[in-house]
Amino acid sequence: MNLSRNPIAIGFAALAAVIVAAATFAIIPETKQAVILRFENPVITYNQWQPGQVIGQNTGAGLIARIPFIDKIVWVDKRVLDADLDNTLVLSTDQLRLNVDAFARFRIVDPLKAVTSTGSTSATEERVADQLRPLLGTALRNELGKVPFSSLLTPERGEVMEAIQNSLQRNARQYGVQIVDVRIKHADLPEGSPLESALQSMRTARQQEANTIRAQGQKQAQIVRAEADATAAKVYADAFSKDADFYDFYRAMQSYRRTFGADGGPAPEGSTTILMSRDNSYLKEFEGRGK
(Lines give C-alpha, C1' and ligand atoms only; values in the text may rest on other atoms or scores of the structure.)
Protein backbone atom coordinates (compact mmCIF):
# COMPACT_ATOMS: atom_id res chain seq x y z
CA MET A 1 0.00 0.00 0.00
CA ASN A 2 1.31 3.43 -0.92
CA LEU A 3 1.40 5.61 2.21
CA SER A 4 1.58 8.77 0.14
CA ARG A 5 -1.95 8.09 -1.00
CA ASN A 6 -3.27 7.42 2.53
CA PRO A 7 -3.42 10.68 4.54
CA ILE A 8 -4.62 8.90 7.67
CA ALA A 9 -1.56 6.69 7.73
CA ILE A 10 0.65 9.72 7.16
CA GLY A 11 -1.02 11.48 10.10
CA PHE A 12 -0.51 8.53 12.42
CA ALA A 13 3.13 8.23 11.33
CA ALA A 14 3.76 11.92 11.96
CA LEU A 15 2.07 11.72 15.34
CA ALA A 16 4.19 8.70 16.29
CA ALA A 17 7.33 10.52 15.19
CA VAL A 18 6.38 13.53 17.31
CA ILE A 19 5.71 11.35 20.35
CA VAL A 20 9.03 9.51 19.97
CA ALA A 21 10.90 12.80 19.50
CA ALA A 22 9.25 14.30 22.59
CA ALA A 23 10.19 11.23 24.61
CA THR A 24 13.76 11.32 23.28
CA PHE A 25 14.75 14.97 23.35
CA ALA A 26 14.37 17.59 26.09
CA ILE A 27 15.50 21.15 26.59
CA ILE A 28 17.05 21.97 29.98
CA PRO A 29 16.45 25.58 31.10
CA GLU A 30 19.27 27.63 32.64
CA THR A 31 17.49 27.68 36.00
CA LYS A 32 16.98 23.90 36.22
CA GLN A 33 19.12 20.85 36.92
CA ALA A 34 18.09 17.53 35.43
CA VAL A 35 18.55 14.05 36.91
CA ILE A 36 17.94 11.16 34.50
CA LEU A 37 16.31 8.09 36.06
CA ARG A 38 16.48 4.76 34.22
CA PHE A 39 14.15 2.19 35.69
CA GLU A 40 13.89 4.50 38.73
CA ASN A 41 17.69 4.48 39.20
CA PRO A 42 19.64 7.74 38.68
CA VAL A 43 22.19 7.47 35.89
CA ILE A 44 23.33 11.00 34.98
CA THR A 45 22.91 14.67 35.90
CA TYR A 46 22.77 17.65 33.53
CA ASN A 47 23.37 21.35 34.19
CA GLN A 48 24.50 20.78 37.78
CA TRP A 49 25.33 23.93 39.78
CA GLN A 50 29.02 24.80 40.03
CA PRO A 51 30.69 27.43 42.28
CA GLY A 52 31.24 30.71 40.47
CA GLN A 53 29.17 29.62 37.50
CA VAL A 54 27.50 32.43 35.53
CA ILE A 55 24.07 31.69 34.09
CA GLY A 56 24.25 31.56 30.29
CA GLN A 57 28.00 30.83 30.16
CA ASN A 58 29.46 27.30 29.88
CA THR A 59 26.51 25.55 31.54
CA GLY A 60 24.88 22.23 30.78
CA ALA A 61 21.61 23.81 29.71
CA GLY A 62 20.23 23.09 26.26
CA LEU A 63 19.10 20.09 24.20
CA ILE A 64 19.72 16.57 25.54
CA ALA A 65 18.76 13.09 24.35
CA ARG A 66 17.55 10.11 26.39
CA ILE A 67 16.18 6.62 25.82
CA PRO A 68 12.50 7.15 25.02
CA PHE A 69 9.90 5.65 27.33
CA ILE A 70 12.65 4.29 29.61
CA ASP A 71 14.52 7.34 30.94
CA LYS A 72 12.67 9.81 33.14
CA ILE A 73 13.71 13.40 33.91
CA VAL A 74 13.51 14.82 37.44
CA TRP A 75 13.77 18.61 37.44
CA VAL A 76 15.54 20.34 40.35
CA ASP A 77 15.65 24.11 40.74
CA LYS A 78 19.11 25.66 40.46
CA ARG A 79 18.24 28.95 42.20
CA VAL A 80 18.38 29.95 45.87
CA LEU A 81 15.33 28.66 47.76
CA ASP A 82 13.75 29.37 51.16
CA ALA A 83 12.70 27.20 54.10
CA ASP A 84 10.57 29.05 56.67
CA LEU A 85 10.20 28.01 60.31
CA ASP A 86 7.52 29.71 62.39
CA ASN A 87 6.75 29.86 66.12
CA THR A 88 9.56 27.62 67.38
CA LEU A 89 9.97 27.44 71.17
CA VAL A 90 13.59 28.05 72.28
CA LEU A 91 15.05 28.23 75.80
CA SER A 92 17.96 30.70 76.12
CA THR A 93 20.87 30.23 78.50
CA ASP A 94 19.28 32.69 80.97
CA GLN A 95 16.22 30.40 81.10
CA LEU A 96 13.96 32.62 78.98
CA ARG A 97 11.38 30.94 76.74
CA LEU A 98 11.40 32.51 73.27
CA ASN A 99 9.02 32.18 70.34
CA VAL A 100 11.29 32.31 67.31
CA ASP A 101 10.42 32.78 63.62
CA ALA A 102 13.35 32.09 61.29
CA PHE A 103 14.18 31.11 57.73
CA ALA A 104 17.05 29.50 55.88
CA ARG A 105 18.09 30.24 52.31
CA PHE A 106 19.60 27.26 50.53
CA ARG A 107 20.68 25.97 47.13
CA ILE A 108 20.61 22.37 45.90
CA VAL A 109 24.18 21.81 44.70
CA ASP A 110 23.99 18.02 44.35
CA PRO A 111 20.65 17.22 42.65
CA LEU A 112 21.44 13.51 42.48
CA LYS A 113 21.86 13.31 46.26
CA ALA A 114 18.75 15.46 46.76
CA VAL A 115 16.64 13.07 44.68
CA THR A 116 18.00 9.87 46.25
CA SER A 117 17.93 11.13 49.85
CA THR A 118 14.33 12.36 49.67
CA GLY A 119 13.09 9.52 47.47
CA SER A 120 11.16 12.05 45.43
CA THR A 121 10.75 12.10 41.65
CA SER A 122 8.72 15.32 41.72
CA ALA A 123 8.66 18.51 43.80
CA THR A 124 12.14 17.70 45.06
CA GLU A 125 12.66 21.26 46.28
CA GLU A 126 9.62 21.07 48.55
CA ARG A 127 10.72 17.72 49.97
CA VAL A 128 14.18 19.09 50.70
CA ALA A 129 12.69 22.17 52.40
CA ASP A 130 10.49 19.87 54.52
CA GLN A 131 13.59 17.97 55.61
CA LEU A 132 15.49 21.18 56.44
CA ARG A 133 12.81 22.71 58.72
CA PRO A 134 13.29 20.32 61.66
CA LEU A 135 17.07 20.58 61.23
CA LEU A 136 16.79 24.36 61.39
CA GLY A 137 14.69 24.09 64.55
CA THR A 138 17.32 21.86 66.16
CA ALA A 139 20.12 24.26 65.21
CA LEU A 140 18.15 27.20 66.65
CA ARG A 141 17.53 25.43 69.96
CA ASN A 142 21.13 24.26 70.27
CA GLU A 143 22.80 27.58 69.48
CA LEU A 144 20.33 29.97 71.14
CA GLY A 145 20.49 27.75 74.22
CA LYS A 146 24.15 28.73 74.57
CA VAL A 147 23.62 32.52 74.70
CA PRO A 148 21.45 34.93 76.73
CA PHE A 149 18.44 36.61 75.18
CA SER A 150 20.20 40.01 75.29
CA SER A 151 22.80 38.78 72.77
CA LEU A 152 20.10 38.94 70.07
CA LEU A 153 19.92 42.71 70.64
CA THR A 154 23.67 43.34 70.29
CA PRO A 155 26.29 42.96 67.52
CA GLU A 156 26.85 39.45 68.91
CA ARG A 157 23.70 38.50 66.97
CA GLY A 158 25.82 38.09 63.80
CA GLU A 159 28.03 35.49 65.49
CA VAL A 160 24.96 33.60 66.69
CA MET A 161 23.54 33.55 63.14
CA GLU A 162 26.84 32.23 61.79
CA ALA A 163 26.90 29.47 64.41
CA ILE A 164 23.33 28.45 63.52
CA GLN A 165 24.20 28.41 59.79
CA ASN A 166 27.29 26.25 60.37
CA SER A 167 25.32 23.83 62.54
CA LEU A 168 22.57 23.53 59.92
CA GLN A 169 25.10 23.07 57.11
CA ARG A 170 26.66 20.06 58.83
CA ASN A 171 23.29 18.28 58.83
CA ALA A 172 22.09 19.53 55.44
CA ARG A 173 24.92 17.97 53.43
CA GLN A 174 23.07 14.64 53.34
CA TYR A 175 20.45 16.28 51.11
CA GLY A 176 22.95 17.78 48.66
CA VAL A 177 22.24 21.27 50.00
CA GLN A 178 24.39 24.35 50.55
CA ILE A 179 23.05 26.75 53.23
CA VAL A 180 23.42 30.29 51.88
CA ASP A 181 22.05 32.22 54.85
CA VAL A 182 20.08 31.90 58.08
CA ARG A 183 18.09 34.75 59.63
CA ILE A 184 15.81 35.21 62.65
CA LYS A 185 12.70 37.21 61.73
CA HIS A 186 11.28 37.45 65.26
CA ALA A 187 12.39 36.34 68.71
CA ASP A 188 9.64 37.32 71.14
CA LEU A 189 9.02 36.56 74.78
CA PRO A 190 5.62 35.04 75.59
CA GLU A 191 2.98 37.50 76.77
CA GLY A 192 2.12 37.78 80.47
CA SER A 193 4.14 37.24 83.62
CA PRO A 194 7.12 35.55 81.91
CA LEU A 195 7.60 38.68 79.80
CA GLU A 196 7.42 41.00 82.82
CA SER A 197 9.80 38.79 84.75
CA ALA A 198 12.27 38.76 81.87
CA LEU A 199 12.13 42.52 81.47
CA GLN A 200 12.69 43.02 85.20
CA SER A 201 15.62 40.61 85.11
CA MET A 202 17.15 42.47 82.17
CA ARG A 203 16.56 45.81 83.93
CA THR A 204 18.29 44.56 87.10
CA ALA A 205 21.22 43.18 85.13
CA ARG A 206 21.71 46.49 83.29
CA GLN A 207 21.52 48.42 86.59
CA GLN A 208 24.18 46.19 88.11
CA GLU A 209 26.34 46.64 85.05
CA ALA A 210 25.90 50.44 85.27
CA ASN A 211 26.84 50.41 88.98
CA THR A 212 29.95 48.40 88.23
CA ILE A 213 31.01 50.80 85.46
CA ARG A 214 30.32 53.81 87.73
CA ALA A 215 32.40 52.29 90.57
CA GLN A 216 35.27 51.57 88.19
CA GLY A 217 35.10 55.17 86.93
CA GLN A 218 35.20 56.55 90.47
CA LYS A 219 38.15 54.34 91.30
CA GLN A 220 39.99 55.50 88.20
CA ALA A 221 39.18 59.14 89.04
CA GLN A 222 40.63 58.74 92.53
CA ILE A 223 43.79 57.22 91.07
CA VAL A 224 44.16 60.10 88.59
CA ARG A 225 43.47 62.68 91.32
CA ALA A 226 46.05 61.08 93.63
CA GLU A 227 48.65 61.03 90.86
CA ALA A 228 47.92 64.70 90.09
CA ASP A 229 48.27 65.67 93.77
CA ALA A 230 51.54 63.78 93.98
CA THR A 231 52.82 65.53 90.85
CA ALA A 232 51.78 68.94 92.23
CA ALA A 233 53.48 68.22 95.56
CA LYS A 234 56.64 67.25 93.72
CA VAL A 235 56.53 70.45 91.66
CA TYR A 236 56.07 72.55 94.83
CA ALA A 237 58.89 70.70 96.53
CA ASP A 238 61.22 71.22 93.56
CA ALA A 239 60.34 74.94 93.47
CA PHE A 240 60.93 75.35 97.21
CA SER A 241 64.31 73.62 97.01
CA LYS A 242 65.47 75.98 94.23
CA ASP A 243 64.45 79.30 95.87
CA ALA A 244 62.78 79.09 99.27
CA ASP A 245 62.33 82.87 99.61
CA PHE A 246 60.59 83.20 96.23
CA TYR A 247 58.41 80.19 97.04
CA ASP A 248 57.32 81.83 100.30
CA PHE A 249 56.60 85.07 98.44
CA TYR A 250 54.60 83.32 95.72
CA ARG A 251 52.52 81.34 98.19
CA ALA A 252 51.88 84.50 100.23
CA MET A 253 50.64 86.35 97.12
CA GLN A 254 48.25 83.47 96.39
CA SER A 255 46.95 83.65 99.95
CA TYR A 256 46.48 87.44 99.77
CA ARG A 257 44.61 87.09 96.47
CA ARG A 258 42.16 84.60 97.95
CA THR A 259 41.82 86.50 101.24
CA PHE A 260 41.53 90.11 100.10
CA GLY A 261 40.11 89.66 96.59
CA ALA A 262 41.84 89.94 93.23
CA ASP A 263 40.17 93.13 91.93
CA GLY A 264 40.40 95.28 95.09
CA GLY A 265 36.69 96.21 94.83
CA PRO A 266 34.18 96.42 97.67
CA ALA A 267 33.73 93.32 99.78
CA PRO A 268 30.81 91.15 98.68
CA GLU A 269 27.70 90.98 100.80
CA GLY A 270 28.04 88.59 103.75
CA SER A 271 31.84 88.72 103.73
CA THR A 272 33.92 88.95 106.94
CA THR A 273 36.06 91.95 107.89
CA ILE A 274 39.50 91.16 109.33
CA LEU A 275 41.53 93.68 111.34
CA MET A 276 45.27 93.17 111.64
CA SER A 277 48.10 95.19 113.11
CA ARG A 278 50.86 96.50 110.88
CA ASP A 279 53.43 94.18 112.37
CA ASN A 280 51.31 91.04 111.92
CA SER A 281 53.45 88.22 110.55
CA TYR A 282 50.81 87.38 107.95
CA LEU A 283 51.49 90.74 106.28
CA LYS A 284 55.25 90.53 106.30
CA GLU A 285 55.46 90.22 102.51
CA PHE A 286 53.87 93.70 102.16
CA GLU A 287 56.86 95.22 104.03
CA GLY A 288 59.27 94.37 101.25
CA ARG A 289 62.73 92.95 101.65
CA GLY A 290 65.76 94.96 102.50
CA LYS A 291 69.04 94.36 100.81
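Reader: Where does Thr31 sit in the chain?

Author: Thr31 is in the loop that links strand E1 (25–28) to strand E2 (32–38). Bear in mind that this is a predicted model.

Reader: Okay, and why does Thr31 count as partly exposed?

Author: Its relative accessibility comes out at 26%. Buried would need a value under 20% and exposed one over 50%, with partly exposed in between, so Thr31 at 26% lands in the partly exposed class.

Reader: What does Thr31 touch, not counting residues up to four places away in sequence?

Author: Val76, Asp77, Lys78 and Arg79. Touching here means heavy atoms within 4.5 Å. As for Ala61, it is 30 residues from Thr31 in sequence, while their C-alpha atoms are 8.5 Å apart in space.

Reader: Next loop, then. What makes the phi of Glu40 worth a look?

Author: The phi of Glu40 is positive, about 70°, although Glu40 is not a glycine. This residue lies in the loop between E2 and strand E3 (41–46).

Reader: How do you know whether Glu40 is buried or exposed?

Author: Set its relative accessible area of 54% against the cut-off for exposed, which is over 50%. Glu40 is therefore exposed.

Reader: And what about the phi of Phe69?

Author: Phe69 is not a glycine either, yet its phi is positive, at about 65°. You'll find Phe69 in the loop between strand E4 (62–65) and strand E5 (71–77). With a relative accessibility of 63%, Phe69 counts as exposed, because that label needs a value over 50%.

Reader: Why is Thr121 called partly exposed?

Author: Thr121 has 32% relative accessibility. Thr121 belongs to the loop between helix H2 (111–118) and H3.

Reader: Which residues is Thr121 in contact with, leaving aside its neighbours within four places in sequence?

Author: Leu37, Glu40, Lys72 and Val74. Glu40 is 81 residues from Thr121 in sequence, and the C-alpha to C-alpha distance is 8.7 Å.

Reader: On to helix H4. How do you know its reach is close to what is expected?

Author: H4 (residues 157–172) has 16 residues, and its first and last C-alpha atoms are 22 Å apart. The expected span at 1.5 Å a residue is also 22 Å.

Reader: Which residues of H4 are buried, and what do they pack against?

Author: Val160, Met161, Ile164, Ser167, Leu168, Gln169 and Ala172 are the buried ones. They pack against strand E7 (97–108), helix H3 (124–144) and strand E8 (177–188).

Reader: At what angle do the axes of H3 and H4 cross?

Author: Roughly 140°, with the axes coming within 9 Å. That makes H3 oblique to H4, because roughly antiparallel needs an angle over 145 degrees and roughly perpendicular runs from 65 to 115. H3 passes H4 in a right-handed crossing.

Reader: Which residues make that contact?

Author: H3 brings Leu132, Leu135, Leu136, Ala139, Leu140, Glu143 and Leu144, and H4 brings Val160, Ala163, Ile164, Ser167, Leu168, Asn171 and Ala172. In the contact of H3 with H4, 11 residues are nonpolar, two are polar and one is charged.

Reader: Zooming out, how many helices and strands does the chain have?

Author: Six helices and eight strands, in the order α-β-β-β-β-β-β-β-α-α-α-β-α-α along the sequence. Of the chain's 291 residues, 27% count as buried. Among contacts between residues at least 6 apart in sequence, 69% join residues at least 24 apart.

Definitions and conventions. Residues are numbered from 1 along each chain as its sequence is written. This is a predicted model: local features need pLDDT of at least 70, side-chain atom pairs count only at pLDDT 80 or more; totals for chains, interfaces and linings use all residues. Side-chain values use heavy atoms; hydrogens and water are left out. Helices (H or I, at least four residues) and strands (E, at least two) are DSSP runs, numbered from the N terminus. The expected span of a helix is 1.5 Å times one less than its number of residues. Buried means under 20% relative accessible area, exposed over 50%, partly exposed in between (1.4 Å probe, protein chains only). Axes are lines fitted to C-alpha atoms, for helices over the stretch in contact, and angles run from 0 to 180 degrees between N-to-C directions. Angles under 35 degrees count as roughly parallel, over 145 as roughly antiparallel, 65 to 115 as roughly perpendicular and the rest as oblique. A crossing is left-handed if the near helix is turned anticlockwise from the far one by less than a right angle, and right-handed if clockwise. Ala, Val, Leu, Ile, Met, Phe, Trp, Tyr, Cys and Pro count as nonpolar, Asp, Glu, Lys and Arg as charged, and the others, Gly among them, as polar.
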